[in-house]
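Please open the model in a viewer and keep the selection panel at hand. The stops below are meant to be taken in order.

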Amino acid sequence: MDESRERSLTVPEPSIQHRTDREVTHLTHITLDRPETLNALTPGMRDHLIDLLGEASADPEVRAVVLTGTGRGFCAGADLRGGSTGGERVAGDVSRTLRLGAQRLVCAVLDCEKPVIAAVNGTAAGLGAHLAFACDLVLAAESARFIEVFVRRGLVPDGGGAYLLPRLIGPLRAKELMFFGDALTAPDAERLGLVNRVVPDGELDKTAREWAARLAAGPTRALSLTKQLVNSSLDADRATAFAAEAAAQEINMTTADAREGVTSFVERREPRFRGR
């Protein structure tokens with residue numbers, strides 16, 4: 001690809017590779033690149049990933065995001081090797097760290113105004129699993145595994161797990177995964193509804209690119225508003241959800257893509273959406 005069509009979004013983070021093509025595919029590809037640790041997230045990686053998602057969300061030339069990892073892991077969660085379990089704790093430190101760290105990362109995915117595809121290439125554990133579950137679509141390689149690892153360490157789930165999982169698979173299944181911490185295979189995750197599709201390992205990248213290309217060719221603002229409606233629907237009563245739907249329709253009908261969609265239907269041709 002022509003290097004002039006790609007440029008970095010923020011200061012490079014060696015453990016995260018990313019590229020954005022604003023002229024042809026209109027995609028941002030983000031790859032966690034610490035294979036020796038199964039792509040466990042350091043605080044620097046986490047913050048950089050938040051920045052990349054925020055910038056992709058705000059960039060009108062980006063119309064979809066693909067998130068994946070290198071090696072045998074998608075993401076093994078937070079890198080705890082530099083942390084300490086001893087010493088005196090100050091009240092509020094843990095909750096503050098969580099709020100500004102893992103929770104902020106999951107919010108960056110949920111609040112991104114562009115569709116985010118997780119291409120889970122291997123183990124997704126702890127925060128890494130929740131990072132995948134927060135994405136709008138989840139593709140998994142056959143070798144991928146999902147592990148609610150917190151109970152194995154005597155910890156409470158973080159990174160929004162107790163919020164995400166019951167909404168995806170119900171409270172009984174969520175408790176089973178969180179209480180036992182057993183590894184969930186990709187086919188089982190698909191059966192439970194945590195994964196959209198399982199593909200052979202060698203086809204994961206190709207399938208993710210195909211799905212992302214379809215999203216990038218779609219009506220970007222309509223997809224963004226749809227994402228907001230779906231994500232908020234489980235927290236809202238019917239009146240609130242219907243009011244949000246009406247407001248989203250009002251906003252979307254002012255877009256060029258909505259006009260193009262109606263015009264193409266009348267003219268009996270395929271729409272040509274521009275993301276505007």
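This is a predicted model: local features need pLDDT of at least 70, side-chain atom pairs count only at pLDDT 80 or more; totals for chains, interfaces and linings use all residues.

Residues are numbered from 1 along each chain as its sequence is written, and side-chain values use heavy atoms, with hydrogens and water left out.

**Stop 1: the six-stranded sheet**

Select the strands of the open sheet with the order β1-β2-β3-β5-β7-β10, in which the pairing is mixed. Strands (E, at least two residues) and helices (H or I, at least four residues) are DSSP runs numbered from the N terminus; two strands pair if DSSP finds at least two bridges between them. The edges are β1 (16-21) and β10 (197-199), each with a single partner strand, so one side of each has no neighbour in the sheet. On average, neighbouring strands are turned by 15° against each other, direction ignored; the axes are lines fitted to C-alpha atoms. Next, select β5 and β7, which pair in the parallel sense over four bridges. Here A119 stands opposite L139 in β7.

**Stop 2: the second largest pocket**

Now display the second largest pocket, which holds about 720 Å³ of space. A pocket is an open set of points on a 1 Å grid, where a 1.4 Å probe fits, with protein on both sides within 12 Å along at least five of seven lines; lining residues have an atom within 4 Å of a point. Of its 32 lining residues, A134, C135, D136, V230 and N231 lie nearest the centre. The elements giving two or more residues to the lining are α3 (102-111), β5 (116-120), β7 (137-141), α5 (161-169) and α9 (220-233). The largest share, seven residues, comes from α9.

**Stop 3: the four-stranded sheet**

Select the open sheet with the order β4-β6-β8-β9, again with mixed pairing. β4 (73-75) and β9 (183-185) stand at its edges. The twist averages 25° from one strand to the next. Strand β8 (residues 145-147) and β9 pair in the antiparallel sense over three bridges, and the bridge partner of I147 in β9 is A183.

**Stop 4: T254**

Finally, select T254 in the loop between α10 (238-252) and α11 (256-266). Is T254 buried or exposed? With 56% relative accessibility, T254 counts as exposed (over 50%, with a 1.4 Å probe and protein chains only). A polar atom of its side chain lies 2.6 Å from the backbone oxygen of I251.

How values were computed:
Grid points are joined across faces, edges and corners, and a volume is the space filled by probe spheres set on the points. Axes are lines fitted to C-alpha atoms, for helices over the stretch in contact, and angles run from 0 to 180 degrees between N-to-C directions. Buried means under 20% relative accessible area, exposed over 50%, partly exposed in between (1.4 Å probe, protein chains only). A polar contact is a pair of N or O atoms within 3.5 Å; within protein, one must be able to donate a hydrogen and the other to accept it, and residues adjacent in sequence count only if both atoms are side-chain atoms.
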